[in-house]
Amino acid sequence: MNYEKNLSIGKVLLGILTTSIFVFLVIPTILAVPMSFTETRYLAFPPEGFSMQWHQQFFTDRRWIEPTIFSLKLASITTVVCLVIGTMASLALVRGVLPGKRVLHLFFLSPMMVPLIVTAFAVYGMFANFRLIGTLTGMVVAHTIIGVPYAILVITANLYRFDTTLELAARNLGASAFKTFMHVTFPLIKPGIIAAGVFCFIESLDELVLVLFLIGTTKLTLPLRMFSEIEFRITPTVAAASTVFIIAAIGTIIALSFIERKEKKIGLKE
Amino acid sequence: MQAPTKDPILRLINLEKTFGDVVAVADVSLDIGDGEFLTLLGPSGSGKTTILNMIAGFEFPTSGDVILQGQSINALLPEKRNIGLVFQNYALFPHMTVFENIAFPLKMRKFPKEDIQRKVKQALELVQLSGYETRFPKQLSGGQQQRIAVARALVFDAPLLLFDEPLGALDKKLREHMQLELKEIHTQLKRTMIYVTHDQEEALVMSDRIVVMNHGRFEQVGNPDELYEKPANSFVASFIGESNFIEGTVAAHDQRLTIEIEGGETISFKWSERIQKGEAVKFCLRPEKIFFVADDDPGGSVHGVIRDVIYVGETKRYAIDVGRSKTIFMRQMSTRIGQGRQKGEKVHIGWHEESLRRLSE
């Protein structure tokens with residue numbers, strides 16, 4: 001009896017916690033969606049009327065399209081670079097015979113622990129010397145610095161679980177070291193690589209601090225465009241941009257869960 | 001060491017492997033005949049898997065040579081050796097179907113598509129799993145997975161097949177069934193097979209020849225009945241089957257050989273070969289070769305008291321104290337009516353002289 005009572009109090013508390021997380025964290029995010037449909041020229045809640053003009057503006061106005069394309073380009077290149085470096089580093093950290101492997105592992109993860117503003121300051125000073133300020137290359141390098149630790153974190157976890165006798169089996173069956181990686185190792189750590197890729201992409205797409213230091217004067221990223229819009233005018237286009245972001249995020253989650261379901265079906269994942 | 005019946009397909013010549021200070025395999029040589037089923041038998045850590053790994057190319061010998069079909073393969077990468085290998089944990093590729101798994105070695109060898117189809121089909125028929133092509137490994141039972149692993153190792157017609165404790169993960173019933181099935185495949189294909197196991201029963205059932213290993217060395221090489229009937233030393237005698245050991249120094253040798261055993265007691269029995277007084281000796285005697293004799297048997301028997309009778313199904317096991325500190329175990333078929341003895345009974349036991357084997361150490 002007593003136990004049941006405790007349980008119900010616990011359940012009530014859990015319910016309150018869940019509800020407040022939802023109210024304070026999720027709802028403000030979702031509120032951007034109805035606000036983006038307002039007819040007014042300013043952000044209003046509740047929205048007045050119904051209009052798609054702000055979404056239309058986001059997809060047609062050069063001042064929005066160019067930063068969006070630039071951000072996607074930056075995030076895509078960063079993701080590829082992060083995954084190549086992250087996979088190679090993970091293989092070395094898990095499989096390699098290296099002195100001080102643990103220390104090296106921590107060193108590779110250290111950019112995650114250093115405050116972003118410190119990294120930004122350091123990178124700014126160095127990049128100025130190399131004339132990398134205001135270039136796509138410079139920003140890719142900067143985002144790679146913060147993206148690689150995420151990639152290593154996820155991919156090494158996958159590699160530690162990986163049964164290396166599968167690679168021996170492949171070699172025994174006539175596959176070279178390279179073919180073994182392509183046909184056996186890569187397909188099996190691919191879920192980890194995809195997850196790492198999503199992390200790196202979002203990290204880069206979302207990042208503002210490093211961009212503020214390195215952007216120069218010619219280009220804008222989407223978060224920076226939104227930030228300056230909010231600073232000066234607060235038009236509903238910001239809400240429209242947010243809506244697009246939210247839909248993209250939900251789409252990604254659905255896509256990932258489909259991949260996961262397929263893997264569960266053939267027993268790749270518990 | 002006994003020579004194989006046919007030309008050796010594989011020769012191990014003074015093969016040695018050390019890991020730091022640890023000697024995993026110590027200077028062993030062996031010829032393996034074409035079509036032979038040879039088992040490397042030993043406890044874990046005896047170096048049997050290390051030998052297999054050196055043949056497969058996963059380990060590089062510290063010294064010595066591995067000769068396959070007349071050519072040294074020491075410098076060859078694993079993928080160039082063309083040797084089939086079945087792993088203990090199956091090592092099937094979980095992201096590939098049964099068909100893709102078995103086709104993998106053929107694809108790597110760039111076989112044409114029709115040949116791959118045909119050979120995979122044949123291999124599946126051989127392991128009796130036709131119709132499972134589209135399944136994934138995780139959708140199969142342990143026994144089925146192991147059969148797919150066997151099919152994958154067979155499908156590319158390697159002249160030599162290696163098995164690394166392939167049945168270790170299966171339950172007893174299934175293991176015994178798979179032993180016979182593998183034996184059947186060996187008879188059908190006449191392919192040379194080297195089998196690694198720590199299970200002496202499995203080794204006896206399956207092998208043409210057995211190599212008993214301990215601490216990286218070959219203790220004895222021989223066919224199953226040789227090893228059982230004529231163990232070369234006490235390790236082999238105790239590792240294969242059950243043994244009584246009678247160990248001590250010769251106190252007298254006239255009609256009977258009298259040995260002073262541990263604790264100052266003596267035990268005496270018939271032994272023809274002359275042994276000097278004072279010499280240290282060790283004998284091995286299988287429990288099933290001992291029998292009860294009548295009290296007045298003149299042939300010379302050993303007196304004892306039954307300490308324990310253990311019923312183990314088809315046989316009964318007697319523990320007989322023949323002295324304060326010496327117990328001899330004997331085994332009798334349970335079906336022998338009227339021969340059953342009780343606990344505490346005074347008995348005389350005997351054996352034929354040729355059942356007794358003197359060991360070198």
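A residue is called buried here if 20 or more other C-beta atoms lie within 10 Å of its own. The legends below describe close-up views of a predicted model.

**View 1. Buried residues of helix α2 of chain B.**
Helix α2 of chain B covers residues 98-108. Its buried residues are V98(B), N101(B), I102(B), A103(B), F104(B), P105(B) and L106(B). In an α-helix there are 3.6 residues a turn, so residues three or four places apart point the same way. Among the elements that cover the buried residues of α2(B) are α3 and α4 of chain B. Just after α2(B) comes K110(B), which has a positive phi of about 55 degrees.

**View 2. F136(B) in the loop between α3 and α4 of chain B.**
The loop that holds F136(B) runs between α3 (113-126) and α4 (142-154) of chain B. F136(B) counts as partly exposed because it has 19 C-beta neighbours inside 10 Å. A residue needs 20 or more such neighbours to be buried. Along the chain, F136(B) and V293(B) are 157 residues apart, and their C-alpha atoms are separated by 62 Å.

Chain B has 361 residues, of which 37% count as buried. Its secondary structure consists of 8 helices and 20 strands. Taken along the principal axes, the C-alpha atoms of chain B fill a box of roughly 80 × 45 × 35 Å. Of the contacts in chain B between residues at least 6 apart in sequence, 65% join residues at least 24 apart. The domain assignment gives domain 1 (8-239) and domain 2 (244-358) of chain B. The C-alpha centres of these two domains lie 41 Å apart. Where the domains of chain B touch, 4 residues of domain 1 are in contact with 4 residues of domain 2. On the domain 1 side of this contact, the residues are 2 nonpolar, 1 polar and 1 charged by class.

**View 3. The sheet of 4 strands in chain B.**
This open sheet has the strand order β2-β1-β4-β5 in chain B, and its pairing is antiparallel. At the edges are β2 (22-33) and β5 (71-72) of chain B, each of which pairs on one side only. Inside the sheet, β1 (residues 8-19) and β4 (residues 63-68) of chain B pair in the antiparallel sense over 5 bridges. One pair of bridge partners is E16(B) and S63(B), the latter in β4(B). Helix α1 (residues 48-56) of chain B packs on the sheet and touches β1, β2 and β4 of chain B. The direction of α1(B) makes about 115 degrees with that of β1(B).

**View 4**
Strand β15 (residues 291-293) of chain B pairs with β19 (residues 346-350) of chain B over 3 bridges. Strand β16 (residues 302-312) of chain B pairs with β19(B) over 4 bridges. I349(B) in β19(B) is the bridge partner of F292(B), and V302(B) also stands opposite I349(B).

**View 5. Helices α3 and α10 of chain A.**
Two packed helices are described by the angle between their axes and the distance between the axes. The axes of α3 (residues 62-95) and α10 (residues 222-232) of chain A come within 7 Å and cross at roughly 145 degrees. From α3(A), the contact takes W64(A), P67(A), T68(A) and S71(A). From α10(A), the contact takes L222(A), L224(A) and R225(A). By class, this contact has 4 nonpolar, 2 polar and 1 charged residues.

**View 6. The contact between chain A and chain B.**
In this contact, chain A gives 17 residues and chain B gives 19 residues. On the chain A side, the elements that give two or more residues are α7 (165-172) and α8 (177-206) of chain A. The most comes from α7(A), with 6 residues. By class, the side of chain A that touches chain B has 10 nonpolar, 5 polar and 2 charged residues.

Technical notes
Residues numbered from 1 in each chain as written. Chains lettered and ligands numbered in written order. Predicted model: local features only at pLDDT ≥ 70, side-chain atom pairs only at ≥ 80, totals over all residues. Contact = placed C-beta atoms within 7 Å. Nonpolar A, V, L, I, M, F, W, Y, C, P; charged D, E, K, R; others polar. Axes fitted to C-alpha atoms, helices over the stretch in contact; angles between N-to-C directions. Domains from an automatic or database assignment. Pairing = 2+ DSSP bridges. Buried ≥ 20, exposed ≤ 12 C-beta atoms within 10 Å, placed from the backbone.
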